[in-house]
Number of protein chains: 6
Amino acid sequence: MSIFSLVHTDAVKAALKEDLGHGRDITSEFLLDDGTNVTCVMNAREDGILAGIELAEIAYNLVSDNTLKLTRHKNDGDALKADDKILTITGEAKLILSAERIGLNYVSHLSAIATKTAEYVKAVEGTNAAIVCTRKTLPGLRTLQKHAVRMGGGKNHRFGLDDAILIKDNHIAAAGGITPVLDRAKDAGHMVKIEIEVDTLDQLDEVIAHGGADIVLLDNMPPTDLKEAVKRIQGKMISEASGGVNMDTVRGIAESGVDLISIGALTHTVKVLDIGLDIE
Amino acid sequence: MSIFSLVHTDAVKAALKEDLGHGRDITSEFLLDDGTNVTCVMNAREDGILAGIELAEIAYNLVSDNTLKLTRHKNDGDALKADDKILTITGEAKLILSAERIGLNYVSHLSAIATKTAEYVKAVEGTNAAIVCTRKTLPGLRTLQKHAVRMGGGKNHRFGLDDAILIKDNHIAAAGGITPVLDRAKDAGHMVKIEIEVDTLDQLDEVIAHGGADIVLLDNMPPTDLKEAVKRIQGKMISEASGGVNMDTVRGIAESGVDLISIGALTHTVKVLDIGLDIE
Amino acid sequence: MSIFSLVHTDAVKAALKEDLGHGRDITSEFLLDDGTNVTCVMNAREDGILAGIELAEIAYNLVSDNTLKLTRHKNDGDALKADDKILTITGEAKLILSAERIGLNYVSHLSAIATKTAEYVKAVEGTNAAIVCTRKTLPGLRTLQKHAVRMGGGKNHRFGLDDAILIKDNHIAAAGGITPVLDRAKDAGHMVKIEIEVDTLDQLDEVIAHGGADIVLLDNMPPTDLKEAVKRIQGKMISEASGGVNMDTVRGIAESGVDLISIGALTHTVKVLDIGLDIE
Amino acid sequence: MSIFSLVHTDAVKAALKEDLGHGRDITSEFLLDDGTNVTCVMNAREDGILAGIELAEIAYNLVSDNTLKLTRHKNDGDALKADDKILTITGEAKLILSAERIGLNYVSHLSAIATKTAEYVKAVEGTNAAIVCTRKTLPGLRTLQKHAVRMGGGKNHRFGLDDAILIKDNHIAAAGGITPVLDRAKDAGHMVKIEIEVDTLDQLDEVIAHGGADIVLLDNMPPTDLKEAVKRIQGKMISEASGGVNMDTVRGIAESGVDLISIGALTHTVKVLDIGLDIE
Amino acid sequence: MSIFSLVHTDAVKAALKEDLGHGRDITSEFLLDDGTNVTCVMNAREDGILAGIELAEIAYNLVSDNTLKLTRHKNDGDALKADDKILTITGEAKLILSAERIGLNYVSHLSAIATKTAEYVKAVEGTNAAIVCTRKTLPGLRTLQKHAVRMGGGKNHRFGLDDAILIKDNHIAAAGGITPVLDRAKDAGHMVKIEIEVDTLDQLDEVIAHGGADIVLLDNMPPTDLKEAVKRIQGKMISEASGGVNMDTVRGIAESGVDLISIGALTHTVKVLDIGLDIE
Amino acid sequence: MSIFSLVHTDAVKAALKEDLGHGRDITSEFLLDDGTNVTCVMNAREDGILAGIELAEIAYNLVSDNTLKLTRHKNDGDALKADDKILTITGEAKLILSAERIGLNYVSHLSAIATKTAEYVKAVEGTNAAIVCTRKTLPGLRTLQKHAVRMGGGKNHRFGLDDAILIKDNHIAAAGGITPVLDRAKDAGHMVKIEIEVDTLDQLDEVIAHGGADIVLLDNMPPTDLKEAVKRIQGKMISEASGGVNMDTVRGIAESGVDLISIGALTHTVKVLDIGLDIE
């Protein structure tokens, strides 16, 4: 997947340089002899879903001018069991150890996101609902975090401020109501999807009456309201539930029939997946 | 703190551009009139410790060419109570909303780290132990995450591969034992601190006998072993405990008398701090 | 419009450096004394629509550390008559002359695009059709060229490969037909608009039968076929005509009732608008 | 020509990223299977002169990590006939299609410049005059546009503000006349060519009397004046005609005997050359 | 001189970041209180010529967001006596000390170049010869080093490989002799100065006979040969002496009547000028 | 040593672009035919120590897309005798000549530093003293200059403001004396080495009494005082002498028994090592 590599190699290079500081790995430099070859294996230490493995490969290639031998055992999106081998790296020990931490930092963070997403996806299995992420991502890591969400079986919402209109309460207030704000939104042109956030069923009715939104965000509604909302929408807009979503509530929300459940925590609250590098 | 701003402004700019994609905030552009002024407040929605507020300020200044009026109510390191005002922003609504998410993404992530660190620091209060972070940071965010750790009362460990030697088991193996590896490490020069990881008290004895390390990392030792280790070290090296540290175990570890307790989870496993922006 | 400036200042800086080569404007350096102040006016020398004026302002601010006095007489999107004043610049002569060419290169090129777009928009006045641009833009100038199209009254189509699916004949062939290709496209998720290109009315019927596209691109069809296509579509998709569009044909195409007429020449074939800088 | 590639690869990379926006080609990603290989040919669809082919090759190599097979049939500067094959690309369909537009945008724009230049060069065949470009180039594309002018048989004038002195009327006024301005220009040193613009034969006489210019720019003079100017110059300076040059006037201007005819429209007013990519 | 600042600010920023490493000045951070204001003076500690003072100012402005008060006492090109004040800086002590070293590193290096150049210029006073630098500059510092040469009263030779042709022996050999190589060089166009290196008077005669060079480089010739060369050239080309130039030989070389004496050591062999920062 | 290459390749690329200006080597372009292959040898023309050879290799690889054949005869740190071959380069003449100057500029400057360092190292042979560099480096070249110092047998001191605390007189004054300043410095944490500068033996005694420094900088002390200082320190701190160090004084200073002698001139006052490229 070379487009991925074209887009993300500069970031991996910057991450390696961040770790190298004034430009050296002094531990490897002083303690390891040139020409010492080893074989290392990146292993899962708990179950999960893999994401970001290509970033680790890019890191190993960057420090070694492609001289390390890489064998990939698992691909992004694959399920991992504890002790599964993910990647075998063979070659100059100094170079492998210099890139070790950056590779693991990427893979363990992104796999954590994929794993968490997959848990939510599993929780809503059999319903209509897709699990989607938000713009609550970590600065500089958005496209990678959104990639990880897809690897976990989730879907992406907006990538940024440029690719869809999301109308919130303050926009409604500024424009003087739901009808005028939706009228204004149309000016954005034929390529732009329009989403509007509503807090009540009454607001929803006004949106339905207008007809000018592609997606309606049902914010912080209890499942009974969500169910009623879905009924009123009649499939004419995509329905999205947000707010108060966790592993305890997500199934109930999904069973309301909404199309999307958006969860900021997929990307902003992450428990690392335990993945390590072992020398064989 | 202008050095901070000199060092981090480019990253904030990149984060804003990541959000602006092909270069526009189309929601603000189509829905808000030029010249609409508002006052917004960044508020804490739960208790914690603030970190990263200057990044939000940089973001607001960047989108507005310094034309927004910013009033800071809390500084990095300050305790936050739910509903505390953190920052008031007054000016062009379009510009405030365009920078809103990036500002919050920084502050809520870094404050989460500071908050978590502070919890650990509190848990070991009265002991000798400092709480320190690791190199298990998110790519591109290391210096900011380490700043957040300091704001929470923790201390930083190595910043990168260039600023200290950390000898692990594989280096010991490669060099043929603890004595030869410590001899080699000396070559790194007078500016470099040398840390060595030991798994057993026997290994520790060999390090003590050699005398050539500044810090000894006592890896995955139970508190009783840690206590014995501290006793044997006799204050001649800095002692660091790592492995298996959580809120249940940290006090026991600290009471062993170690100088440092390092915790990767401070930076790799983060539960966002709830902070929001409200229009007044 | 500071988001614009945040996004485009680096490009203006690069353009100035491209002109400064090894870093100097030797004509100004050797021929003009420091402290020689002048007033210059950027004037239209023919009729048209203005676009890009903020880029000229950014250039003047960059070379002068904001010490030049700028007075804007016309805004992007305004109609220009020959001899209209656009921008007055007062201050150090050396600095004004060093930025002169870059400012004019931006403004005269982008105004040309706006002007050409406006001519097409005028030609289809009273019809349903909007004039839209394509991805046939000049490398590095896409978002600015698309901005100029909007300033001329046109609409933008896709900004890039990431923000909509455009299905062409080879995708149809690769997927085994219109139905399977539209089925695959659905996987891109709820945020993605799907457009499909058809060459014949038969293909159009298959798309209509499937129902899975937001926009249908009617490629190189004569106006009679376009009219029939619009009839069959019944407003259930957005219709776009492309191919063979010029000032002679555009009205006939528009009268077919299509929603969009896309024209690559708006951005790839440009006759500069004559704009100059005069010293008062 | 690897210097070309060293200098321009970063720009091609930026152009690809501009097209990839948030980092993906979603059409290829969802509609094409991995491992689908195709052969595509870049074909001329009208006659002209080729320029920029190496940029297309760089684009194909960047998206594919050099895994696409490229066969070049025509080189920069070669004449193209409609239907001539220019470049054959074989390999992963996804990658070829992701780079298609950027490759074509470069080649069709630069070939247009080369083609237009060649038309002017042909029009003055048999005279002494060389066709040269100006600094009226598109921001970010100057060195490439000037390369295209050379490929069309033209010559380059100044590359930027650093590499020659061009004295215009306002410099003459500021310095107090032709003699003092030429005296000042000498200070620029032995490496710098000095050009001075004159509007009248009287001004020319003053320049000739002084002797301190390498090139004299005869601005907006009718052919009879140009002829007289050339006579008076006696080959002691290079003579350049500018202003009012088009395909109708260029021959007459050239027959005056001037050495150079400079034409801004070569780079600022471009009619794209029709070049396309076809799947075999 | 804002063009200078536009062109060089990014380099100063990079130099500051190089010194800040992982992003902090820990000495100032831990030892100085916020709000401690001081006045510091940059003083000459030996005689010389000043160059690069604007770079120090840029550094102080960058670390302080322009909040330090700067008073310049000497300008680039001014003579310095030991104990002369160059620049007074008043404000936050932390910020002044953080930028101190970078400011001094620039100013003391560039002033050393200006000073050395001035010594050579003085040594040839009364002769026809100008002192010029070469491309033997330090990577990344060329335009600044060449600026310093000018500040010392020297002249610049080529800035790079793009702005003049310099024909050496191997080019002559490759082209088959002086006449064919000069014929080829003409193709570079009317903006390009042509210089040719000769080792003997016979070679010089061949160049004179051809007439196609602007400058002749007389390499490693003794003064008597140089004198004869100048005689033969009869002012029809610029003459440049190089090789074996030092403070003992330069006067003799200059008295041969050559126009230029080029000295690589001006930029590659530098004895720092002693300049320091003192707290008042 | 690929970490070196990862870290420094961007700088070499920038250096090549600095030399290529508007993007071309016009001498090679016009005077040499494509396909002309040559073999060139980089030779030492005087004795010294090699440093920076990998930078020359990177330059040759960058201009040629790795198509030149490089054979390294000497490694960084090796002693060079006049006429020793350092590197043989075979391939396209145009490419070799385009990179020639940048390669030589790096190697001759860095080898000069290594050579000078080695002279000082030799002068103190048999004593306890190591020769160390300072932060008086050339902007943008610090890590390379410090690398050269190591290649000459010296040791590095601080790399930047972030990696150690260096307490000077003004810090002592600001903090109210040696004891309070050392107390504050402790807050920097366990990873930070603390160095304090003293001018007198009395100050030294106060530092010894406190015990809180790792290194004491004995500034501008005569050898007798240095000897006394070493005696009082009793090996409990590292001792460093600085000020007034030259080839005449260094041995005497070293014989005082100090651990380190720091010399700014190693990097700020450099006499180039004569290294050239010859065509075979």
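Predicted model: local features only at pLDDT ≥ 70, side-chain atom pairs only at ≥ 80, totals over all residues.
**Stop 1: chain A on its own**

Select chain A and hide the rest. Its secondary structure comes to eleven helices and twelve strands. The C-alpha trace spans about 75 × 35 × 25 Å along its principal axes. Chain A has 280 residues, and 61% of them count as buried.

Now colour chain A by position in sequence. Take the contacts with a separation of 6 or more: 70% of them are between residues 24 or more positions apart.

Chain A shows about 9900 Å² of accessible surface. Carbon and sulfur atoms hold 47% of that area.

Next, colour by charge. Chain A carries 30 positive and 42 negative charges. How far apart are the mean positions of the positive and negative charges? They are 2 Å apart.

**Stop 2: chains A and B together**

Bring chain B back. A rotation of 180° superposes chain A on chain B, with 0.0 Å of shift along the axis and an RMSD of 0.0 Å. The two copies are thus related as by a two-fold rotation axis. To find that axis, select Val270(A). In chain A, its C-alpha is the one nearest the axis, at 2.8 Å.

Look at where the copies meet. Of the interface residues of chain A, 100% are also interface residues in chain B, so the copies meet through the same surface.

**Stop 3: Lys136(A)**

Select Lys136(A). It sits in the loop between β6 (130-132) and α5 (142-151) of chain A. Is Lys136(A) buried, partly exposed or exposed? Its relative accessibility is 35%, so Lys136(A) counts as partly exposed.

Show what surrounds this residue. Setting aside neighbours within four places in sequence, Lys136(A) contacts Gly264(A), Thr267(A) and His268(A) in chain A. From chain B, Arg101(B) and Asn105(B) are also in contact with Lys136(A).

Lys136(A) and Asp10(A) are 126 residues apart along the chain. Their C-alpha atoms are separated by 23 Å.

**Stop 4**

**Stop 5: a loop with positive phi**

Return to chain A and select Asp65(A) and Asn66(A). Asp65(A) is in the loop between α3 (53-64) and β3 (69-72). Asn66(A) is also placed in the loop between α3 and β3.

Check the backbone angles. Most residues other than glycine have a negative phi. Asp65(A) has a positive phi, near 50°. Asn66(A) has a positive phi of about 65°, although it is not a glycine. Asn66(A) is exposed, with a relative accessible area of 55%.

**Stop 6: Ser2(C) against chain B**

Select Ser2(C). This residue belongs to helix α1 (residues 2-20) of chain C. Ser2(C) is buried, at 16% relative accessible area. The cut-off explains the label: a residue counts as buried because its relative accessible area is under 20%.

What does Ser2(C) touch, leaving aside its neighbours within four places in sequence? The contacts are Val63(B), Ser64(B), Asp65(B) and Leu95(B).

**Stop 7: salt bridges**

Show all chains. The whole structure holds 90 salt bridges.

Begin with Asp19(F) and Arg135(E). Their side chains meet in a salt bridge, 2.6 Å from N to O. The pair crosses between chains. Asp19(F) is in helix α1 (residues 2-20) of chain F. Arg135(E) is in the loop between β6 (130-132) and α5 (142-151) of chain E. Are the two residues buried or exposed? Both Asp19(F) and Arg135(E) are buried.

Stay in chain E and select Glu255(E) and Arg251(E). They form a salt bridge, with the closest N and O atoms 2.9 Å apart. Glu255(E) is partly exposed, at 48% relative accessible area. Arg251(E) is partly exposed too, at 31%.

Finish in chain B. Glu255(B) forms a salt bridge with Arg251(B), and the closest N and O atoms are 2.9 Å apart. Arg251(B) is partly exposed, with a relative accessible area of 31%.

Definitions and conventions
Residues numbered from 1 in each chain as written. Chains lettered and ligands numbered in written order. Heavy atoms only, no water. Least-squares fit on C-alpha atoms with pLDDT ≥ 70 in both. Contact = heavy atoms within 4.5 Å. Helix = DSSP H or I, 4+ residues; strand = E, 2+ residues; numbered from the N terminus. Buried < 20%, exposed > 50% of the residue type's maximum accessible area, 1.4 Å probe, protein only. Areas by Shrake-Rupley, 256 points an atom, 1.4 Å probe, with all protein chains shown as cover. Lys, Arg positive; Asp, Glu negative; His and termini not counted. Charge placed at Lys NZ, Arg CZ, Asp CG, Glu CD. Salt bridge = Lys/Arg side-chain N within 4 Å of Asp/Glu carboxyl O.
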